[in-house]
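Subject: Structure handover

Hello,

Here is the structure I promised to pass on. Please open it and keep it in view while you read.

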Amino acid sequence: MGASQEQRHAYTLLRLLTGINFFGHGFARIFTGTHLSGFAHGMVKSMADTPLPPSLSLATGYVIPCVELLIGLLLLLGVATRYALTLALLLMLVLMFGVTLKQDWNVAGQQLLYGLVLAALLFGRDRFDLSWQAVFSRFRQQ
């Protein structure tokens, strides 16, 4: 039995909502406030009480917003959604590692919710996704 139109719309809206969230995180961290450099150096300060070397925290602070922006853009455009969702889950693993080293259990719980949404999107992608690739493949099949 195929997916209903409402299921496909709900899936697409959840993918877009998640895409806006990731895009907004990356965009704000790169282009607003203290910009990318300020975010990266802030991450070094926030991870100071963990066993991670400051150079690793700094490098991670520069990479995370760029990855968030890319994931968000791909999810919003509906392009390479499998790869975007997989990359997002890998990012959540990195973030979870960091917040558990800090023993920030409230944020760890939030990361679990992100992981759950991402896993649900990845799990339902083949059946419900209305990304451009899925739309074009449906036209080719008809």
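This is a predicted model: local features need pLDDT of at least 70, side-chain atom pairs count only at pLDDT 80 or more; totals for chains, interfaces and linings use all residues.

**Helix 3**

Helix 3 runs over 54–77.

Which residues of helix 3 are buried? They are S57, G61, I64, P65, V67, E68, L69, I71, G72 and L75. Look at the spacing of those numbers. An α-helix has 3.6 residues a turn, so residues three or four places apart point the same way. The buried residues pack against helix 1 (5–31), helix 2 and helix 4 (81–101).

L52 sits in the loop between helix 2 (35–46) and helix 3. Is L52 buried or partly exposed? Its relative accessibility is 21%. Buried means under 20%, so L52 counts as partly exposed.

Leaving out residues up to four places away in sequence, L52 touches M47, S57, F97 and L101. The chain also brings G98 into the picture. G98 is 46 residues from L52 along the chain, yet their C-alpha atoms are separated by 8.8 Å.

Now take S57, which is in helix 3. S57 is buried, with a relative accessible area of 4%.

**The core**

The largest nonpolar core has 18 residues. Which of them touch the most other members? F22, I71, L85, L91 and L118 do. Helix 1, helix 3, helix 4 and helix 5 (105–128) each supply at least two residues. Helix 4 gives the largest share, 6 residues. In soluble globular proteins, nonpolar side chains tend to be buried together.

I71 is worth a click. Apart from neighbours within four places in sequence, I71 is in contact with F22, A84, L87, A88 and L91.

**The end of the helix**

L77 belongs to helix 3. L77 is partly exposed, with a relative accessible area of 44%. Together with L73 and V79, L77 forms a nonpolar patch on the surface. The three have about 230 Å² of accessible area together. Just after helix 3, G78 takes a positive phi of about 70°.

Best wishes

Notes. Residues are numbered from 1 along each chain as its sequence is written. Side-chain values use heavy atoms; hydrogens and water are left out. Helices (H or I, at least four residues) and strands (E, at least two) are DSSP runs, numbered from the N terminus. Buried means under 20% relative accessible area, exposed over 50%, partly exposed in between (1.4 Å probe, protein chains only). Contact means heavy atoms within 4.5 Å. Patches are made of residues with over 30% relative accessible area and no salt bridge: like charges are joined within 9 Å, nonpolar side chains (Val, Leu, Ile, Met, Phe, Trp, Tyr) within 5 Å. Accessible areas come from the Shrake-Rupley method with a 1.4 Å probe; for residues, only the protein chains shown count as cover. A salt bridge is a side-chain nitrogen of Lys or Arg within 4 Å of a carboxyl oxygen of Asp or Glu. A nonpolar core is a set of buried Ala, Val, Leu, Ile, Met, Phe, Trp, Tyr and Cys residues joined through side-chain atoms within 4.5 Å.
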